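Please keep the sequence and the structure in view while reading.

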Amino acid sequence: MMRDDGYYECGVFDVRAHLPRRTIMADAISALVNKQSFGHPVLAQTGWWRAPRKRLGKSPAIRLRGFDRRLSILGECCSRRRLPARAAPQQPGSPNAWVELSVGDTGGGSPVVLFASYCPGKTFSLTVRDGVDWVAACNAFLDLVIDGLTGTYELVAANRDNQYRVAEPPAAHTSATAHQR
């Protein structure tokens, strides 16, 4: 839905781009309609808007690989969303992790690239240019990781109210598609 002030909160599909992008909600609804079970690692935690509840068991964690101030900010963003995130050893493939996150750069320190490696071997990367608020960038990245986005994208804009816009990098463009949230 769209408010008059331009604030957009996507639902089942993010429809701002030329081609709508499925969110994790589309998978959940599809499973429920087909009378199948639906699971996602974030469902093991209480949503940030509710009082915490006791854990019912060990839930898969997000692994943070590397040592970087920006990775610490990403970890704090996970914590605010009640997503369990733990530091990982330097070698990939930490046990009991549903996704492993890391921060890198393209050589000169700018732009910075956020990487996600999902357990089934799929990856997602988001390039973040100078001048973008880092907390806003991390929250945008986490939204897209939770949705299970794969491929290579660039963060075009991000605000602290969780409004952001991502696009495929020019080399990967086959049409003028851009995804926003």
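Asn139 counts as buried in this predicted model, because its relative accessibility is 18% and the cut-off for burial is under 20%. The residue is found in helix H3. Leaving aside residues up to four places away in sequence, Asn139 touches Cys77, Arg81 and Asn162.

**Packing of helices H2 and H3**

- Two packed helices are described by the angle between their axes and by the distance between those axes.
- Helix H2 covers residues 69-80, and it packs against H3 at an angle of about 60°.
- The axes of H2 and H3 are 9 Å apart.
- H2 and H3 are therefore oblique to each other.
- The crossing in which H2 passes H3 is right-handed.
- On the H2 side, the contact is made by Arg70, Ile73, Leu74, Cys77 and Cys78.
- On the H3 side, these residues meet Trp134, Val135, Cys138, Asn139, Phe141 and Leu142.
- Sorted by class, the contact of H2 with H3 has nine nonpolar residues, one polar residue and one charged residue.

**Cysteines**

- A disulfide is a covalent bond that joins the sulfur atoms of two cysteines.
- How many disulfides does the count come to? With a cut-off of 2.5 Å between the sulfur atoms, the count comes to zero.
- For Cys78, the closest cysteine sulfur is that of Cys77, at 7.3 Å, which is too far for a bond.
- Cys138 is likewise in no disulfide, and its nearest cysteine sulfur, again that of Cys77, is 4.8 Å away.
- Cys78 is buried, with a relative accessible area of 0%.
- Cys138 also counts as buried, at 0% relative accessibility.

- Ile62 is found in strand S3, which spans residues 61-65.
- Is Ile62 buried or exposed? At 1% relative accessibility, Ile62 counts as buried.
- Ile62 and Leu83 are 21 residues apart in sequence, and their C-alpha atoms are 7.3 Å apart in space.
- Leu83 is also one of the residues that Ile62 touches, when residues up to four places away in sequence are not counted.

**Helix H1**

- Helix H1 comprises residues 24-33, and its buried residues are Ile24, Ala26, Ala28 and Ala31.
- Which elements cover these buried residues? Among them are strand S1 (13-14), strand S2 (21-22) and helix H3 (134-146).
- After H1 comes Lys35, which has a positive phi near 55°.

**The protein as a whole**

- The secondary structure comes to three helices and ten strands.
- From the N terminus on, the elements run β-β-α-β-α-β-β-β-β-α-β-β-β.
- The protein has 181 residues, of which 43% count as buried.
- Among contacts with a separation of 6 or more, 48% are accounted for by residues 24 or more positions apart.

Technical notes:
Residues are numbered from 1 along each chain as its sequence is written. This is a predicted model: local features need pLDDT of at least 70, side-chain atom pairs count only at pLDDT 80 or more; totals for chains, interfaces and linings use all residues. Side-chain values use heavy atoms; hydrogens and water are left out. Buried means under 20% relative accessible area, exposed over 50%, partly exposed in between (1.4 Å probe, protein chains only). Helices (H or I, at least four residues) and strands (E, at least two) are DSSP runs, numbered from the N terminus. Contact means heavy atoms within 4.5 Å. Axes are lines fitted to C-alpha atoms, for helices over the stretch in contact, and angles run from 0 to 180 degrees between N-to-C directions. Angles under 35 degrees count as roughly parallel, over 145 as roughly antiparallel, 65 to 115 as roughly perpendicular and the rest as oblique. A crossing is left-handed if the near helix is turned anticlockwise from the far one by less than a right angle, and right-handed if clockwise. Ala, Val, Leu, Ile, Met, Phe, Trp, Tyr, Cys and Pro count as nonpolar, Asp, Glu, Lys and Arg as charged, and the others, Gly among them, as polar.
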